[in-house]
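Hi,

Here is the structure I promised to pass on. Have a look at it first, then read my notes below.

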Amino acid sequence: MFKLFKTILKAGEPTVKYPFKPIEVAPGFRGKPHYDATQCIACAACTSVCPANALTMETDLASGERRWQLFLGRCIFCGRCEEVCPTRAIVLSEEFELAVTCKADLYVKASFRLQECRVCHQPFTAKKSVDYTMALLTHSGMDADAVEALRPQFETCPDCKRHQNLQNNRDLRLSHDSGREHQ
C-alpha cells in the first residue's frame, strides 16, 4: 500500500488548472487559421480545397473587387488551406480559444483590387496575382526588361488572348480537315 502512495505522489497532478493556467499544446497542433492579407494574392486555391466551405471568395466586377472571407464558425481546422497556399498567407496557429460574444467576430475578411484587361478593359484577375507572377519571373533570374516586356501578356484577359490568337492564326487549318484532303 505504501508503494502505491509513493507512485501516486511521483506522478504529480494529472490535470491542468485550465483556464487559470495556460494549456501547452502538442507539436503540430492545428488551431485557428492565421491570415495575412499582405501575403495573399487572391488565387482562390484555399477556397477550392476547403471541405467545410469556411473559405469563400466573391468577385464583384462592378466595383472591380475580389473579396476573400473566412468564417471560423465553419472551420474544421483540417489544414488544407495552409497546404495549398502558394504564398503562405494562411497558416494554422496554436490558438484554440475561439469563443466570442458577437458572431461577426468569427469572420476574417480581405478585399483585393482586380486587374483590368488591356484590350477590353474588363476586370479578370486580382492585380496582386499579376504582380506576384512578375516578381517570380524577376526572382527566377529573368532580365527585368524582359519581364516588363511580358507585362502586357499577363495583363490581358484569357478571352482577349484567345481572340488575338484566332486573328493571328486565320490561315491555319485544323488537323482533321487537312486529313480529309489527303484521302
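How much of the accessible surface of the protein belongs to carbon and sulfur atoms? The answer is 54%, out of an accessible surface of about 13,200 Å². Before you go further, keep in mind that this is a predicted model.

Let's start with the overall build. You can pick out 7 helices and 6 strands. Walking along from the N terminus, the order is α-β-α-β-β-α-β-β-β-α-α-α-α, so called because α stands for a helix and β for a strand.

Now for the dimensions. The C-alpha atoms fill a box of roughly 100 × 45 × 35 Å along the principal axes. The radius of gyration is 26 Å, while a compact globule of 183 residues would come out near 16 Å. Buried residues make up 25% of the 183 residues. As for contacts with a separation of 6 or more, 62% of them are between residues 24 or more positions apart.

Next, the charges. Side chains of opposite charge can pair when their charged atoms come close. A search of the whole structure turns up 10 salt bridges. Here are a few to find on your screen.

Then go to helix H3, which covers residues 80–84. Arg 80 and Glu 83 both sit in this helix, 3 residues apart, or about one turn. They make a salt bridge too, and their closest N and O atoms are 2.5 Å apart. Arg 80 is partly exposed at 33% relative accessibility, whereas Glu 83 counts as exposed because its 53% is over the 50% cut-off.

Glu 82 has a salt bridge of its own, with Arg 88, and there the closest N and O atoms are 3.8 Å apart. Glu 82 is partly exposed, with a relative accessible area of 23%.

Notes: Residues numbered from 1 in each chain as written. Predicted model: local features only at pLDDT ≥ 70, side-chain atom pairs only at ≥ 80, totals over all residues. Heavy atoms only, no water. Helix = DSSP H or I, 4+ residues; strand = E, 2+ residues; numbered from the N terminus. Rg over C-alpha atoms; globule rule 2.2 N^0.38 Å. Buried < 20%, exposed > 50% of the residue type's maximum accessible area, 1.4 Å probe, protein only. Contact = heavy atoms within 4.5 Å. Areas by Shrake-Rupley, 256 points an atom, 1.4 Å probe, with all protein chains shown as cover. Salt bridge = Lys/Arg side-chain N within 4 Å of Asp/Glu carboxyl O.
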